[in-house]
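The sequence and structure come first.

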Amino acid sequence: MKLHRTLVTCLATTLSAAALAGCGGSDDGDASGSGPVDLTYWAWAPGMQAVVDIWNEANPDIQVTVREQAGGDDLVTRTITAAQAGEAPDLVQAEYQAIPTLVSNDVLADISGELGDEVADAFAPGVWQQVTLGGEAVYAVPQDSGPMMFYYRQDLFEEFGLEVPTTWDEFADTARALREADPNRYLTTFSANDAGLFAGLAQQAGAQWWTTEGETWRVAIDDEATRRVADFWGGLVAEDVISNEPMYTPAWNQALNDGTQIAWVSAVWAPGTLTTAAPDTEGQWAMAPLPQWNAGENATGSWGGSSTAVTNDAEDRAAAAEFATWLNTDPEALAALVREGGVYPAATAAQTGDALAEPPAYFANQPDFYSLAAEIAAGTAPAAWGPNVNVAYSTFNDAFGQAAESRGDFAAALTTMQQATVEDMESHGFQVAR
């Protein structure tokens with residue numbers, strides 16, 4: 001996918017009316033004065049200041065100041081608004097799905113000329129693709145990733161004689177077997193309150209929701225791969241062999257904690273959630289690869305993850321790119337990110353490094369947690385994000401929420417999601433193929 005800046009520059013984002021005023025940014029991004037370069041980094045990852053302190057001590061000529069921010073759409077809107085005034089930070093922590101929106105508003109700089117050829121080799125191809133948007137430009141350096149996995153109550157699988165599913169067909173059979181053995185339990189739930197889960201599942205199946213052909217966008221949220229995922233989960237919900245309860249609610253927490261729900265399709269960050277949601281079951285869970293559509297494959301999707309991007313307002317683009325590269329590829333920096341922020345680094349070398357030698361405390365019973373996670377992450381499928389992910393996600397929450405609650409038509413919900421995304425892009429000036 002090649003994203004042309006001539007197409008996307010100054011096109012309005014749909015995140016906020018405040019972001020529609022215009023475009024800003026410096027022309028060259030290089031400092032002309034003498035003395036130390038002072039860079040500002042907007043980020044939300046915990047403990048980032050402690051990591052940056054390591055850089056600042058070793059690099060007196062390039063000093064970085066962290067300004068802690070809220071994440072998500074709020075940070076995207078604030079960054080766009082600042083860029084329109086020519087006052088964006090030098091660097092910003094950008095979630096992968098936000099990168100096209102920031103690029104389309106001329107916020108992010110192409111730093112391909114400032115990076116060494118070896119930087120791309122530090123990351124799995126599917127992760128690197130998310131910062132290049134499939135083209136030659138590079139808009140950020142990957143920081144952390146969220147490869148998806150299958151979590152299950154090991155003790156209850158043994159109690160009910162269940163095998164860990166390796167394919168989605170086996171997953172469906174396991175869900176049915178559990179309901180037959182104990183009608184009060186579900187294998188898992190389909191939740192419509194976090195579109196990132198569904199997007200990651202579609203990604204694993206081969207979906208490419210947004211692509212470009214010249215100056216034309218193509219939206220394929222209702223492509224064959226995504227329909228396969230929607231039909232699969234919709235069928236299980238209609239069959240009542242999985243639950244339709246939303247995640248992150250008190251009822252969901254209780255189901256995980258008391259064994260009413262005995263598995264969860266999630267990502268590498270799940271141990272932190274389980275620690276809070278199901279505190280009484282520590283040491284009783286295990287992690288396995290995501291079930292596959294075809295036996296023997298190793299493909300997974302991403303749910304979460306972020307990057308370090310350089311903006312067009314950067315005082316010194318080369319210095320900013322140098323810091324972004326260090327932060328996300330240097331062994332000392334990566335170890336500090338794991339230690340201080342609890343992130344799962346995107347750099348493949350760090351995924352089997354000393355900082356991740358021990359499993360999460362919640363999974364002390366699975367010593368190979370992170371080595372298995374690294375094997376899974378190597379199969380991360382490429383994702384294709386567009387300039388209005390927020391609209392697609394919001395529509396998912398509404399349309400799939402209604403379908404899940406009524407155990408209704410997931411295919412129709414997917415069509416609604418496709419139509420809303422296309423109509424929104426067209427209303428904001430994007431040329432979209434029909």
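A crossing counts as left-handed if the near helix is turned anticlockwise from the far one by less than a right angle, and as right-handed if clockwise. The model is predicted, with local features needing pLDDT of at least 70 and side-chain atom pairs pLDDT 80 or more, while totals for chains, interfaces and linings use all residues. Residues are numbered from 1 along each chain, and side-chain values use heavy atoms, without hydrogens and water.

α2 passes α14 in a right-handed crossing. On the α2 side, M48, A50, V51 and I54 meet E332, A333, A336, L337, R339 and E340 of α14, contact meaning heavy atoms within 4.5 Å. These contact residues comprise 7 nonpolar, no polar and 3 charged.

## Packing of α9 and α16

The axes of α9 and α16 cross at roughly 100° and come within 9 Å; axes are lines fitted to C-alpha atoms, for helices over the stretch in contact, with angles from 0 to 180 degrees between N-to-C directions. The two helices are therefore roughly perpendicular (65 to 115 degrees). A195, G196, F198 and A199 of α9 touch Y393, F396, N397 and F400 of α16.

## The largest pocket

The largest pocket holds about 1100 Å³ of space. A pocket is an open set of points on a 1 Å grid where a 1.4 Å probe fits, with protein on both sides within 12 Å along at least five of seven lines; lining residues have an atom within 4 Å of a point. Of its 47 lining residues, E95, W269, W303, G304 and G305 are the closest to the centre.

Technical notes. Grid points are joined across faces, edges and corners, and a volume is the space filled by probe spheres set on the points. Helices (H or I, at least four residues) and strands (E, at least two) are DSSP runs, numbered from the N terminus. Ala, Val, Leu, Ile, Met, Phe, Trp, Tyr, Cys and Pro count as nonpolar, Asp, Glu, Lys and Arg as charged, and the others, Gly among them, as polar. Angles under 35 degrees count as roughly parallel, over 145 as roughly antiparallel, 65 to 115 as roughly perpendicular and the rest as oblique.
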